[in-house]
Amino acid sequence: MLVHVLLYEAGTESEGIHSLELKGTTVILMFEDKDDAERYCGLLEAQDFPTPSVEELTRIDIEAFCVEAGYEARYVEKGFIPSTDEERLMISPPLSNLEVGNWHNKDNLNEQTSSNEQLEDIKKRLENLL
């Protein structure tokens with residue numbers, strides 16, 4: 001099953017995946033519907049946050065990436081209606097954002113490189129399937 005995730009600087013050395021911090025857990029959103037993912041991007045842009053690109057990858061690969069990186073993957077179904085404030089963040093980003101530069105600091109450089117390599121590997125495997 002293909003899902004849509006939000007990537008920053010896709011295809012570059014500083015590629016990163018959009019995430020949320022919820023109660024100390026890093027959460028990666030996987031959108032079923034491309035339009036929902038693009039709407040979320042527009043909401044990020046409206047908050048002066050760098051605009052990510054919407055990339056289509058396999059759900060199983062994103063979930064495996066999340067497990068390996070210590071993240072939590074959350075699936076956002078088409079037409080999803082939140083019932084809690086936390087679930088609201090799955091369709092509308094928080095009003096404040098972490099600094100984008102956080103993923104570039106020295107403490108996270110090795111983790112970032114590993115995550116970028118994992119994302120690149122996932123994209124290559126998907127391209128080979130198509």
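User: How many salt bridges does the structure hold, and what makes a pair of side chains count as one?

Analyst: The structure holds five salt bridges, a term for a side-chain nitrogen of Lys or Arg within 4 Å of a carboxyl oxygen of Asp or Glu. Please keep in mind that this is a predicted model, in which local features need pLDDT of at least 70 and side-chain atom pairs count only at pLDDT 80 or more, while totals for chains, interfaces and linings use all residues. Residues are numbered from 1 along each chain as its sequence is written, and side-chain values use heavy atoms, with hydrogens and water left out.

User: Why is the pair of lysine 34 and glutamate 38 called a salt bridge?

Analyst: The closest N and O atoms of lysine 34 and glutamate 38 are 3.9 Å apart, and because the limit is 4 Å, the pair qualifies. Both residues lie in helix H1 (residues 34-46), four residues apart, which is about one turn of the helix; helices here are DSSP runs of H or I with at least four residues, strands are runs of E with at least two, and both are numbered from the N terminus.

User: Are lysine 34 and glutamate 38 buried, exposed or partly exposed, and how do you know?

Analyst: The classes rest on relative accessible area, where buried means under 20%, exposed means over 50%, and partly exposed is in between (1.4 Å probe, protein chains only). Lysine 34 has 41% and therefore counts as partly exposed, and glutamate 38, with 38%, is partly exposed as well.

User: Which residues are linked in a network of salt bridges?

Analyst: The network links Lys23, Glu72, Arg74 and Glu86. Within it, glutamate 72 meets arginine 74 at 2.6 Å, N to O, and glutamate 86 meets arginine 74 at 3.0 Å, N to O. This last pair links distant parts of the chain, with glutamate 86 in helix H3 (residues 85-88) and arginine 74 in strand E6 (residues 72-76), twelve residues apart. Arginine 74 has a relative accessible area of 17% and so is buried, whereas glutamate 72, at 31%, is partly exposed, and glutamate 86, at 24%, is partly exposed too.

User: Why can strand E4 be described as largely enclosed by the rest of the structure?

Analyst: Six of the seven residues of strand E4 (residues 25-31) are buried, so the description follows from that count. Valine 27 has its place in this strand and, with a relative accessibility of 1%, counts as buried. Apart from neighbours within four places in sequence, valine 27 is in contact (heavy atoms within 4.5 Å) with His18, Ser19, Leu20, Leu22, Glu72 and Arg74.

User: How do you know that E4 pairs with E3 and with E6, and in which sense does each pair run?

Analyst: Two strands pair if DSSP finds at least two bridges between them. Strand E3 (residues 20-22) and E4 have three bridges, in the antiparallel sense, and E4 and E6 have five, in the parallel sense. Leucine 20, for example, has valine 27 in E4 as its bridge partner, while methionine 30 stands opposite tyrosine 75 in E6.

User: What makes tyrosine 8 and phenylalanine 49 an aromatic pair, and of which kind?

Analyst: Rings of Phe, Tyr and Trp (its six-membered ring) pair if their centres lie within 6.5 Å, and planes under 30 degrees apart count as stacked, over 60 as edge-to-face and the rest as tilted. The count comes to three aromatic pairs. For tyrosine 8 and phenylalanine 49 the centres are 5.7 Å apart and the planes stand at 80 degrees, so the pair is edge-to-face. Tyrosine 8 lies in strand E1 (residues 2-8) and phenylalanine 49 in the loop between H1 and strand E5 (53-58), so the pair ties together parts that are 41 residues apart in sequence. The rings of phenylalanine 31 and tyrosine 40 have centres 5.5 Å apart and planes at 55 degrees, so this pair is tilted. Phenylalanine 31, at 1%, is buried, and so is tyrosine 40, at 0%.

User: How many disulfides does a search of the whole structure find?

Analyst: The search finds zero disulfides, the rule being a pair of cysteine sulfur atoms within 2.5 Å. Cysteine 41, at 6% relative accessibility, counts as buried, and cysteine 66, at 1%, is buried too.
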